[in-house]
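Subject: Handing over the structure

Hi there,

The structure comes first, and my notes on what was found in it follow below.

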Amino acid sequence: MYEKRTAKTAQQNETKTRYFLVSEGTVTEPLYFEALIAHQTALGISPTIELIPLLRSYSEAGFTQPKKLIECLLQNLAEQQQGKISYKTLLDRIMDYLLETKSIQHSKQARKIWNRMVNHCEQILHRPLYIKFDRKRFSAKCHSILFMLQQYIKLPASAKQITTVLIERNLTYRPGVDKLCLFIDRDKEQFGTAPQTKQYNEVIELCHKNNIQLYVSNPCFEFWLLLHFKQVFAMHDTLLLENPKVTSRKRYASHQLSKLLPNGYQKNHYAARKLVKQIDTAIANESAYCENVHHLEYRLGSNVGKFIEHLRQIG
């Protein structure tokens, strides 16, 4: 995982309380978080609070199961606190940089580059990806892999310049000062539906044990987005909760959003900044549905509005 810092949050300020935002979705939620950050002051959120989305690195992209996300987050934080870095983290930092700089053009090329790096670590260096090394050795380890990569890809900068960028990509989380927040859907495919299924409660317990604030939307984050409109009350609660497919590409919630948002709704493209300006409507509408994280396992609702209220109160 790595921090997504906008121009507004690029300068670290030790006096601010940082809220690190981890989401099950890799596109929809981060777009909404960026809109929150852009309008933070106008929304009544104190400038003494810094909102920092945590994005998943290349090898973590397929992680959607909430327990796996928590495990991934805790592993990243453990490395930070130990002053060590695993080979997996090193490779992820290189891959994320190459993707951000568009040095890698497509997914097939990305897989080849990743496999070459993994092979270099495991077969040439004889270092499995889970092995950790002291952070002071980062430059030498990074140079070694970048030198190998130069045979297969045109790097966007010198190995020294890239290493300088990557060595600063440590998580800036401070235990006891900053907050961790996890945003998930009550996804039937992830949690199951039978009463005896314990996964949902296990996630609640894991979050409580590790001081992670948990925010759930049932059935999905799109329901929280729908709450920004008064028209949500005219929709069928049963259809909202079941969220069946209504077209070949869209489920009920996203289909309804497409009708309400200018230019429609796609997970990776929607008018997030317009939505956050209606956040007071969303908070008020949310109170008409379930907001209790324990009851959200089976009931239609969300507690994301509680997160916004919390931010406003502590400011």
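A nonpolar core, as I use the term here, is a set of buried Ala, Val, Leu, Ile, Met, Phe, Trp, Tyr and Cys residues that are joined through side-chain atoms within 4.5 Å. Please keep in mind that this is a predicted model.

With that in hand, let's start inside. The largest nonpolar core has 44 residues, and the members that touch the most others are Tyr32, Leu36, Leu51, Trp224, Leu225 and Phe307. Another core, of 28 residues, lies apart from the largest one, and Leu91, Ile113, Ile145 and Ile153 are among its members.

Next, helix α6, which runs over residues 159-166. Which of its residues are buried? They are Ala159, Ile162, Thr163 and Leu166. These four cover an arc of only 100 degrees around the axis, so they sit on the same side of α6. The cover over the buried residues of α6 includes α3 (87-100) and α5 (138-149).

The search of the whole structure finds one cavity of 30 Å³ or more. The largest cavity holds about 170 Å³ of space. It is lined by 18 residues, of which Met1, Asn76, Thr89, Arg93 and Arg169 are the closest to its centre. Two or more lining residues come from each of α2 (66-82), β4 (84-86) and α3, and α3 gives the most, with five. What kinds of residues make up this lining? Four are nonpolar, five are polar and nine are charged.

Asn76 is placed in helix α2. Its relative accessible area is 12%, and because buried means under 20%, Asn76 counts as buried. Asn76 and Ser86 are 10 residues apart in sequence, and their C-alpha atoms are 9.4 Å apart in space.

Another asparagine to look up is Asn285, in helix α13 (residues 279-286). Is Asn285 buried or exposed? Its relative accessibility is 8%, so Asn285 counts as buried. Beyond its neighbours within four places in sequence, the contacts of Asn285 are Leu227, Phe229, Lys230, Val232 and Phe233.

Finally, a few points about the backbone:

- The peptide bond from Asn218 to Pro219 is cis, with omega near 15 degrees. Pro219 lies in the loop between β7 (212-218) and α9 (221-226).
- Lys102 is not a glycine, yet its phi is positive, near 60 degrees. Lys102 is in the loop between α3 and α4 (107-124), and at 62% relative accessibility Lys102 counts as exposed.
- Asn263 also has a positive phi without being a glycine, at about 70 degrees. Asn263 belongs to the loop between α11 (252-260) and α12 (272-276), and its 79% relative accessibility makes Asn263 exposed.

Enjoy exploring it, and write back whenever you like.

Best wishes

Terms used. Residues numbered from 1 in each chain as written. Predicted model: local features only at pLDDT ≥ 70, side-chain atom pairs only at ≥ 80, totals over all residues. Heavy atoms only, no water. Buried < 20%, exposed > 50% of the residue type's maximum accessible area, 1.4 Å probe, protein only. Arc of directions from axis to C-beta. Contact = heavy atoms within 4.5 Å. 1 Å grid on protein atoms, 1.4 Å probe; cavity = no way out; pocket = protein on both sides within 12 Å on 5 of 7 lines; lining within 4 Å. Points joined across faces, edges and corners; volume = space filled by probe spheres on them. Nonpolar A, V, L, I, M, F, W, Y, C, P; charged D, E, K, R; others polar.
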